[in-house]
Amino acid sequence: MSLDPTTLWLLGEGPDPGDEARAAFLEAKVPPDLAARTLAAMAELTDGAGATSMRSRLQVHRGGRARRLFVGGGAVAALAAAVLLGLPTAPQQGDLAGMTQRGTGADLPALDLRMAVRTDDGVDRLRADQTYGAGDVFYFRYEAAADGWLHLIHATQAGVQVLESQPVTRGHADLARGGEPLAWTVDDTDPNQAVFALVRTVRPVSADELSQALTGVLDGDAPLAPTTLCQAATTLELSCDAQAVRVKR
Amino acid sequence: MEHPAPQTDEELMLSVQGGDAGAYQELFHRHNRSVLGYLRRRVRDEEHASDLFQETWLNVHRGAHTFKANQRFRPWLFGIAVNTVRDSYRKQGRRIQTTEMVMEPGVPPRSNHPTRMTIEAAIDTLPEHLKQAFLLGAVQGFNHREVAAQLDISPDNARARISRARSHLRKLLKPE
């Protein structure tokens, strides 16, 4: 019975079995959460003050009321995740043309934001041509072509706010904290129109720094739309994807 | 349009020393799988390997200033992984087994193993000091001098350990 090429190579009795076979033996797939934890820990070493201040901002209140971005749990979150998993990358019929900006930066790594929504009717993908109401809950999923830091942004005519920042490895996953998907609950203070966006940076940046940078390049006269927000991000050489949401008041 | 040649590991490491977090991420991306593969074989405990994986990369960052411009990055990286494992055992008060043999060389379990052992199972039967040298020299492909530096032994000793490990494995993997 002869030994396989990799074993013979390890015994010093055969040639290098080639990159693929060698890698299959040498390498282990790194779980995304382990990679993210490691990069996050490294970022704390690199820029401890910045990373800490960014985390603390997750608990700040917006306009004097508690932030509604929370960690979803239980069966609903799992259902939302399942819906997001099934979402196609390309816009489906029903998406309003031009409402979804998908990475206009020519050389920027692709970034894709997918959103699901839980309403009284159940969980479905978010539709740009549909209006949502108080109590509806949005969930977020990303697909990133490169490692980096992802920032979830909520933009309205009143301004740009960074809701969440976290290190990710390339691939796709729910935006989550502690293993539970993050969610945004619509309430009666939401404006009629808003944009949720994902922006990728190579290194950690503070929420203030990012929101100020985006605000600085946004065309203040243009109507708020995914396109304008992502064009601003692209100007800063940041990958971006965004979706518009309409809220009934 | 011409694209610039990808930076070497060593160039990236020098950028890390200059505070370039992106360079660190690129190095992490290039080598994270082989580091985890090594650690999993080394400790045979997934959770422990994950802890060591994170600690290794943090130690890369903490020790970046010790990397010298004329060094090769991979041997330096795995030297850090070796030390991280060693420190972990030390902290746990566990001594790395270096002399006891799970299975004595020269006594392959032929009668109990009608089918041939896999290379993975065979590596696990190596005593610790041979396993360390084999994983670095034969599996990761470092030369004797590099293995010697990683394990703090002489190059001759590194060569001898790898040779003895291979001899042990042959007896298990090639009965008759």
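Chain B has eight helices and zero strands. Helices here are DSSP runs of H or I with at least four residues, strands are runs of E with at least two, and both are numbered from the N terminus. Along the sequence, chain B reads α-α-α-α-α-α-α-α.

This is a predicted model, in which local features need pLDDT of at least 70, side-chain atom pairs count only at pLDDT 80 or more, and totals for chains, interfaces and linings use all residues. Residues are numbered from 1 along each chain as its sequence is written, while chains are lettered from A and ligands numbered from 1 in the order in which they are written.

**The two chains**

Chain A has seven helices and 13 strands. The table sets out some values for both chains.

| Chain | Residues | Share buried | Share of contacts between residues at least 6 apart in sequence that join residues at least 24 apart |
|---|---|---|---|
| Chain A | 249 residues | 36% | 74% |
| Chain B | 176 residues | 39% | 62% |

Two terms in the table need cut-offs. A residue is buried if 20 or more other C-beta atoms lie within 10 Å of its own, exposed if 12 or fewer do, and partly exposed in between, with C-beta atoms placed from the backbone. Two residues are in contact if their C-beta atoms, placed in that way, lie within 7 Å.

Start with helix H1 of chain B, residues 9–17. Its buried residues are B:Leu12, B:Met13 and B:Val16. Seen down the axis of H1(B), they fall within an arc of 100°, so they line one face of the helix. The arc is taken from the directions that run from the helix axis to the C-beta atoms. Just after H1(B) comes B:Gly19, with a positive phi of about 95°.

How do H1(B) and H2(B) cross, left-handed or right-handed? Their crossing is left-handed. A crossing is left-handed if the near helix is turned anticlockwise from the far one by less than a right angle, and right-handed if clockwise. The axes of H1(B) and H2(B) come within 8 Å and cross at roughly 140°. Axes are lines fitted to C-alpha atoms, for helices over the stretch in contact, and angles run from 0 to 180 degrees between N-to-C directions. H1(B) and H2(B) are therefore oblique to each other. Angles under 35 degrees count as roughly parallel, over 145 as roughly antiparallel, 65 to 115 as roughly perpendicular, and the rest as oblique.

On the H1(B) side, the contact uses B:Asp9, B:Leu12, B:Met13, B:Ser15 and B:Val16. On the H2(B) side, it uses B:Ala23, B:Tyr24, B:Glu26, B:Leu27 and B:Arg30. By class, this contact has six nonpolar, one polar and three charged residues. Ala, Val, Leu, Ile, Met, Phe, Trp, Tyr, Cys and Pro count as nonpolar, Asp, Glu, Lys and Arg as charged, and the others, Gly among them, as polar.

Helix H2 (residues 21–43) of chain B also packs with helix H3 (residues 46–62) of chain B. The angle is about 140°, and the axes are 9 Å apart. H2(B) and H3(B) are therefore oblique to each other. Here the crossing is right-handed. H2(B) gives residues including B:Tyr24, B:Phe28 and B:Leu39, and H3(B) gives residues including B:Leu52, B:Phe53 and B:Trp57. The contact of H2(B) with H3(B) divides into ten nonpolar, three polar and two charged residues.

**Further along chain B**

Helix H6 of chain B covers residues 128–139. Ten of its twelve residues are buried, so it is largely enclosed by the rest of the structure. Among them are B:Lys131, B:Gln132 and B:Phe134. Just after H6(B), B:Gly141 takes a positive phi of about 85°.

B:Arg159 lies in helix H8 (residues 155–173) of chain B. B:Arg159 is partly exposed, with 17 other C-beta atoms within 10 Å.

**A strand residue in chain A**

A:Leu113 sits in strand E3 (residues 111–119) of chain A. A:Leu113 is buried, with 27 other C-beta atoms within 10 Å. Leaving out residues up to four places away in sequence, A:Leu113 touches residues including A:Phe140, A:Tyr142 and A:Leu198.

**Where the chains meet**

In all, 24 residues of chain A are in contact with 28 residues of chain B. H3(A) gives the most to the chain A side, with ten residues. That side has 15 nonpolar, four polar and five charged residues.
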